[in-house]
Amino acid sequence: MLLSLRHHNRDLLLGVREARGLAEVAGEWLRRGVSAADLRHALTAHLPRNGVRSAVGFLRHRLTEKLPAEEAFHPPARAGAGAGTTATATAPAELVTCEGPGNTHVFRPTADETLCGTCRTNEAWKAHARRYDPRPEKPSVTWRQRVDEIARDEAVVT
Ligand SMILES: [Zn+2]
């Protein structure tokens, strides 16, 4: 992304090593919820009229000066949580592949579940159905009994 800025403005030509040095700060922007398009805009809008003397210096300045406050995108960690666990408790969970049926799909687990919300709901319904709607039992009357019954009915009618 950083290397492509030169297409926007020739002054923003970066060397690969310079871009790599800035990538870490740029990644922090994305981590804070800024889209790549917004980041590009933040870096390329309102360029100095008399040109940029040092692309890397200019971009580093913009990246650090305009870095949005973290609080704007993530609510502050709950007070009272253990100091050691705060980081892991507030970090978004990794995406996990759902073990449910159908096409492979991923979800973000809240605990250590292996099914996504949709599949868990489906499973719950299936379990519910198994429990409360057992398969209809085979009719206990044999065809011979049935014939006898019909014969009896006919005898009554006639
Ligand atoms: Zn699923």
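Analyst: Here is how some of the labels follow from the values; keep in mind that this is a predicted model.

User: What makes C98, H105, C116 and C119 donors of the zinc ion?

Analyst: Check the distances. C98 (SG), H105 (NE2), C116 (SG) and C119 (SG) lie 2.0 to 2.3 Å from the zinc ion. The cut-off is 2.8 Å for N, O and S atoms, so these atoms count as donors. Along the chain, they follow the spacing C-x6-H-x10-C-x2-C. C98 sits in the loop between β1 (96-97) and β2 (106-107), while C119 is in helix α6 (residues 117-132), 21 residues apart.

User: Why is the site of the zinc ion called tetrahedral?

Analyst: Its four donor atoms make angles of 102 to 117°. The label needs all angles between 85 and 135 degrees, so the site is tetrahedral.

User: How do you know whether C98 is buried or exposed?

Analyst: Its relative accessible area is 7%. Buried means under 20%, so C98 is buried. C119 also comes out buried, with 7%.

User: Which residues have the most contacts inside the largest nonpolar core?

Analyst: That core has 18 residues, and the ones with the most contacts inside it are L2, L14, L22, L39, L43, L59 and L63. Helices α2 (16-31), α3 (36-44) and α4 (55-65) each supply at least two residues, and α4 gives the most, with five. There's also a second, separate core of five residues, including C98, F107, L115 and C116.

Definitions and conventions:
Residues are numbered from 1 along each chain as its sequence is written. This is a predicted model: local features need pLDDT of at least 70, side-chain atom pairs count only at pLDDT 80 or more; totals for chains, interfaces and linings use all residues. Side-chain values use heavy atoms; hydrogens and water are left out. Donors are N, O and S atoms within 2.8 Å of the metal (3.2 Å for Na, K and Ca); water is not among the atoms, so sites may look incomplete. Four donors count as tetrahedral if all angles lie between 85 and 135 degrees; four count as square planar and six as octahedral if opposite donors are over 155 degrees apart and all others between 65 and 115; anything else is irregular. Helices (H or I, at least four residues) and strands (E, at least two) are DSSP runs, numbered from the N terminus. Buried means under 20% relative accessible area, exposed over 50%, partly exposed in between (1.4 Å probe, protein chains only). A nonpolar core is a set of buried Ala, Val, Leu, Ile, Met, Phe, Trp, Tyr and Cys residues joined through side-chain atoms within 4.5 Å.
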